[in-house]
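Hi everyone, thanks for coming.

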Amino acid sequence: MDTTHPPTHLRLALLDRAPAVPAAVTTTAAESAVIAAELAPQRTRVARTLLAR
C-alpha cells in the first residue's frame, strides 16, 4: 500500500458514492474519428510493446 494514496477499493467506493455529473468536454462523432485516427499509430505501437513482454 502506498502511504500517500488510499487503497484502490476505497477510491472506487468513494467514486461509487459520488453523484454523476455531465461531461465538461464533449466531442462530435467527426471529432472523435479524427482523434482516433491521430492516436491509431501510437495505439498499435503500445499494443505491440505490451504483447512483446
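Let's start with Val46, which sits in helix H2. Please keep in mind that this is a predicted model. Now look back along the chain to Thr26, 20 residues away from Val46. The C-alpha atoms of these two residues are separated by 26 Å.

Next, find Ala23. Where is it? Ala23 lies in the loop that runs between helix H1, residues 8-17, and helix H2, residues 29-51. Its relative accessibility is 54%, so Ala23 counts as exposed. From Ala23 to Arg43 there are 20 residues in sequence, and the C-alpha to C-alpha distance is 24 Å.

Now let's zoom out to the whole protein. It has 2 helices and 0 strands. Its C-alpha trace spans about 35 × 35 × 15 Å along the principal axes. The radius of gyration is 18 Å, whereas a compact globule of 53 residues would have one near 10 Å.

So how much of the protein is buried? Buried residues make up 0% of the 53. The protein exposes about 5,200 Å², with carbon and sulfur atoms supplying 65% of that area.

One last thing, the charges. There are 6 positive and 4 negative ones, and their mean positions lie 10 Å apart.

That's my tour, and I'm happy to go back to any view you'd like.

Key
Residues are numbered from 1 along each chain as its sequence is written. This is a predicted model: local features need pLDDT of at least 70, side-chain atom pairs count only at pLDDT 80 or more; totals for chains, interfaces and linings use all residues. Side-chain values use heavy atoms; hydrogens and water are left out. Helices (H or I, at least four residues) and strands (E, at least two) are DSSP runs, numbered from the N terminus. The radius of gyration is taken over C-alpha atoms; the globule rule is 2.2 Å times the number of residues to the power 0.38. Buried means under 20% relative accessible area, exposed over 50%, partly exposed in between (1.4 Å probe, protein chains only). Accessible areas come from the Shrake-Rupley method with a 1.4 Å probe; for residues, only the protein chains shown count as cover. Lys and Arg count as positive and Asp and Glu as negative; His and the chain ends are not counted. The place of a charge is taken as NZ of Lys, CZ of Arg, CG of Asp or CD of Glu.
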